[in-house]
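Grab a pencil and open the viewer. Try each task yourself before you read the solution under it.

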Amino acid sequence: MRISNILLMVIFPTAALAEWETNMPRGVTPTSEVAYDLHMLIFYITVVIGIVVFGAMLYSILYHRKSLGHKPAKFHESTKVEIIWTVIPFIILVGMAVPATKALIMMEDTRDSEITLKVTGYQWMWQYEYLEDNVTFFSKIADESNAARRLGSGVDVTTVDNYLRDVDHAVVLPTNTKVRILLTANDVIHAWWVPELGGKKDAIPGYVNEIWVDIKEPGTYRGQCAELCGKDHGFMPIVVHAVSKPEYYKWVGIQKTNRVAKNK
Amino acid sequence: MSTDIDKLHDDHDHGPSSGIMRWITTTNHKDIGTMYLWFSLIMFFIGGLMALVIRAELFQPGLQLVIPGFFNQMTTMHALVMIFGAVMPAFVGLANWQLPIMIGAPDMALPRLNNWSFWILPFAFTMMLSTLFMESGGPAAGWTLYPPLSLQGGDSFPFTILAIHMLGVSSILGAINVIATILNMRAPGMTLMKMPIFVWTWLITAFLLIASMPVLAGAVTMLLTDKFFGTMFFTASGGGDPVMFQHIFWFFGHPEVYILILPAFGIVSTIIPAFSRKRLFGYDSMVYATASIALLSFIVWAHHMFTVGMPLAGEIFFMFTTMLIAIPTGVKVFNWVATMWRGSMTFETPMLFAIAFIVLFTIGGFSGLMLAMVPADFQYHDTYFVVAHFHYVLVPGAVFAIMAAVYYWLPKWTGKMYNEGLGKLHFWLTTIFVNLTFFPMHFVGLAGMPRRIPDYAVQFADFNAIASVGAFGFGLSQLLFVYILFNTLKKDVTAEDKVWDGAEGLEWTLSSPPPYHSFEKAPKVD
Amino acid sequence: MSSFKKTYLSLTFFTIFMFSFSYMLVPLYDIFCEITGLNGKTNQERVLVVNENPSERFVTVKFTSTVANSAPFTFEPIDREMVVQVGKIYNTFYTLTNNTTSVKHATASPSVVPHEDAEYFKKIECFCFSQQQINGLETKELPLQFIIDNELDNDTRTLILSYTMFNTTDQIGSK
């Protein structure tokens with residue numbers, strides 16, 4: 001990984017995106033897209049500010065040195081300048097705050113969801129309950145990953161498919177449907193996070209939180225617990241299969257038929 | 001004014017006691033400053049060792065070295081040691097050495113309290129670190145101690161809480177001492193707006209300490225009583241709320257991070273003018289900006305908790321206040337650049353660290369601004385993006401400032417000049433490795449790697465490997481720093497009074513090293 | 001008094017104040033939650049006087065349940081979903097089963113989403129926070145009587161009430 005590659009990744013993240021996993025995914029929901037767009041906007045603004053400020057510093061370092069015989073100037077204050085470089089950043093911030101606030105209002109609006117998925121965080125797995133259809137199951141890290149990750153397992157983890165990001169019983173959701181996701185926990189605080197679906201909220205014992213997703217593209221989306229919850233915090237992944245509505249209802253039908261007993 | 005100083009000064013003119021009793025019983029601010037600094041250096045290596053355990057495990061995917069429970073103990077202790085054992089004591093050490101001689105005072109206002117404030121620390125940390133050897137291990141819920149997880153802690157829990165209380169007492173007493181000294185013992189003619197900027201930043205920091213550390217004490221006491229005495233502050237069944245802990249903790253926690261950086265700002269504001277041979281640009285503005293940052297720091301705390309499920313109005317409020325705090329911070333950066341601008345710069349080691357601070361701290365500030373944007377923060381929160389952010393502001397931020405200060409003032413304290421070539425080498429190695437360690441963390445965080453995990457999915461492997469290599473390089477480079485320190489102390493060559501030709505301030509009027517009791521008579525300040 | 005003593009006194013007072021302030025945050029947090037409905041905390045006090053004032057609006061109320069810390073209980077709502085008229089009183093209940101053979105104590109804690117609408121979900125009779133004693137293998141019905149306040153935001157069409165049941169057998173005492 002050469003320095004030039006790193007610099008390229010910093011300045012041209014879109015090029016870097018696909019192969020090098022250096023940037024946030026744009027994701028497949030309105031919330032993930034708005035988060036990504038805001039992220040890139042702020043990033044570019046900070047790059048520009050950085051170029052200006054560090055550019056000035058670099059110039060000064062190169063030319064305002066004693067070794068070149070440069071004599072120090074006498075100025076040491078200017079109210080006018082202080083006002084300018086207070087007001088201009090303020091204006092830039094207002095420019096950032098407007099899209100950010102709009103995005104946030106949109107992200108927090110869970111109204112008129114068609115389906116409600118209740119997620120309960122356990123030490124160390126997830127329980128899912130589809131409220132309308134009364135389908136419930138636990139979802140644990142897949143056996144292959146779980147065995148490979150043990151200290152001294154002897155397994156080369158690069159041979160395990162979706163190492164640490166595969167489960168025994170995945171969530172299935174329909175595409176193009178507003179889904180409300182309720183979050184709570186059995187024991188300690190967890191957090192449910194699938195980067196490509198956008199949004200993240202803590203799962204807190206005794207309380208419910210909510211987020212919403214509307215998955216535009218079918219596919220498999222993987223995530224992890226995002227709040228330290230004990231020793232196996234890193235080993236309770238999330239898998240969401242997004243499928244067409246008819247396929248989703250077919251899956252629900254099958255779940256109802258084989259009511260899987262709670263297994264821990 | 002002079003009567004008060006005479007009262008404080010005991011009527012003796014002997015030098016320090018000899019042997020170990022000197023250090024146990026000293027009430028001299030220079031001795032106590034020295035002890036704080038050595039303690040901080042030792043803790044820096046202990047915390048660093050823990051970081052290397054973490055980075056060694058994270059070098060490759062899969063678990064190779066430690067079990068997950070122990071890994072969590074390492075991340076928890078690494079933070080507690082670095083924050084409370086390395087950075088804060090280092091700044092207090094610098095305060096002890098520098099504040100009296102910068103304001104022309106003979107010592108701190110309460111010299112015996114000063115001694116106690118220091119000696120609490122080794123005891124507190126011995127207790128805290130010993131929990132790692134308990135059967136149930138040390139604290140493993142993160143330095144933020146969120147319940148209910150922290151309440152699942154084993155035998156280490158009460159000891160950790162007690163240690164935190166002791167550290168809090170040490171900090172609070174130290175802060176009272178600092179404020180009393182600065183407000184009451186300045187040499188005649190030194191008005192507040194004539195004080196060296198480092199003194200200003202420490203004055204403000206001391207107020208932050210007194211305002212925030214007691215709140216931490218309250219929060220951890222609530223944890224203790226929840227676990228042992230049947231209170232229900234943080235349990236829903238009793239009408240409590242785990243999120244309330246987070247609010248109380250971060251009400252302390254946010255001012256705490258400014259406690260970790262304001263003295264650094266003061267150091268940089270001292271060093272840049274000295275090596276630019278030009279007065280600090282906008283002194284008044286710098287003072288107001290520092291004060292604004294301190295005040296604003298009390299109304300931004302929930303930006304550490306954007307994912308708890310706050311009402312929309314709360315999220316918007318804290319987003320705005322967090323963005324706002326970027327303004328005085330930016331003003332400070334611009335002022336430093338304006339100080340350099342058209343100066344006559346030389347680039348000795350302190351200046352190199354100070355310039356690197358400005359660049360790299362600002363990068364940390366940029367990621368901080370990104371984190372402030374709540375919709376985006378939902379993707380950053382609890383990922384390595386946050387880890388990258390705070391390490392940039394703390395390592396090439398606070399730690400670089402401390403190193404800059406040590407190189408800058410070491411010749412004054414010891415009377416011996418360090419080896420400039422080695423100093424520069426230490427700087428370059430440190431800077432290269434610090435970036436190698438922490439820059440890739442931005443990438444893996446954005447790509448989806450959560451924090452506080454001992455093992456990760458294979459797509460995060462490359463950057464983690466780089467970060468681990470960087471961490472080991474960084475750690476080894478600090479051995480060079482220790483070598484430089486000991487090498488300097490062994491030397492025969494004495495340094496001048498005014499070590500650096502661009503340096504200003506009362507300390508440079510004293511000999512190098514200064515007399516054991518300096519400014520027994522207050523100097524005149526114009 | 002010397003300026004030093006003044007400094008010490010005021011700073012010591014300030015320290016003590018900030019310590020007590022952290023404890024003051026506890027009731028302040030509760031008051032703030034009650035006023036704003038932050039994190040879904042519903043009214044702690046039972047509503048004593050209720051005037052039914054049925055409006056034209058109907059909203060959907062969903063009921064869900066969680067058993068905390070894998071306690072040996074089965075805890076389910078009888079009605080999973082109700083379409084209710086705003087301003088009218090309704091009754092439902094939850095069932096709690098003790099799956100062990102010994103006596104247990106259990107306490108439930110409620111939470112409503114959307115959080116900002118929690119204050120309009122008024123519980124007239126509920127089992128929130130009251131410790132239930134339940135014998136081995138017994139099943140109890142826990143009644144809930146509620147009314148959706150007319151002040152409910154016009155845009156809200158669905159409310160979800162969640163109860164979490166805790167095993168409080170070992171607790172010294174709870175509310």
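Some ground rules come before the tasks. This is a predicted model, so local features need pLDDT of at least 70 and side-chain atom pairs count only at pLDDT 80 or more, while totals for chains, interfaces and linings use all residues. Residues are numbered from 1 along each chain as its sequence is written, chains are lettered from A and ligands numbered from 1 in the order in which they are written, and side-chain values use heavy atoms, with hydrogens and water left out.

**Exercise 1. Work out what chain A and chain B share at their interface.**

Step 1: count contacts, meaning heavy atoms within 4.5 Å.

Step 2: get the area. Interface size is often given as the accessible area lost when the parts come together. Here that buried area (lost to a 1.4 Å probe, summed over both parts) is about 7900 Å², with 72% of it from carbon and sulfur atoms.

Step 3: look for pairings. There are zero salt bridges between chain A and chain B, a salt bridge being a Lys or Arg side-chain nitrogen within 4 Å of an Asp or Glu carboxyl oxygen. Polar contacts do turn up, in 24 residue pairs with both partners at pLDDT 80 or more. Such a contact is a pair of N or O atoms within 3.5 Å; within protein, one must be able to donate a hydrogen and the other to accept it, and sequence neighbours count only if both atoms are side-chain atoms.

Step 4: ask who supplies the surface. Helix 3 of chain A gives the largest share of the side that touches chain B, 16 residues. (Helices are DSSP runs of H or I with at least four residues, strands are E runs with at least two, numbered from the N terminus.) By class, this side of chain A has 49 nonpolar, 25 polar and 17 charged residues.

**Exercise 2. Do the count again for chain C against chain B.**

Step 1: 28 residues of chain C are in contact with 34 residues of chain B.

Step 2: the buried area is about 2800 Å², and carbon and sulfur atoms give 73% of it.

Step 3: salt bridges between chain C and chain B come to zero, and polar contacts to four residue pairs, both at pLDDT 80 or more. The elements of chain C giving two or more residues to this side are helix 1 (3-36) and strand 5 (104-113), and helix 1 has the largest share, with 16 residues.

**Exercise 3. Which cysteines are joined in a disulfide?**

Step 1: search for cysteine sulfur pairs within 2.5 Å. The whole structure gives one disulfide over all chains.

Step 2: name the pair. C:Cys126 is joined to C:Cys128, S to S 2.3 Å, and the link is left-handed, with -135° about the S-S bond.

**Exercise 4. Is B:Thr349 buried or exposed?**

Step 1: locate B:Thr349 in helix 13 (residues 349-372) of chain B.

Step 2: B:Thr349 has 0% relative accessibility, so B:Thr349 counts as buried. (Buried is under 20% relative accessible area, exposed over 50%, partly exposed in between, with a 1.4 Å probe and protein chains only.)

Step 3: list what B:Thr349 touches beyond four places in sequence; B:Tyr407, B:Tyr418 and B:Glu420 are among them.

Methods
Buried area is the accessible area (1.4 Å probe) that two parts lose on being put together, summed over both. Ala, Val, Leu, Ile, Met, Phe, Trp, Tyr, Cys and Pro count as nonpolar, Asp, Glu, Lys and Arg as charged, and the others, Gly among them, as polar.
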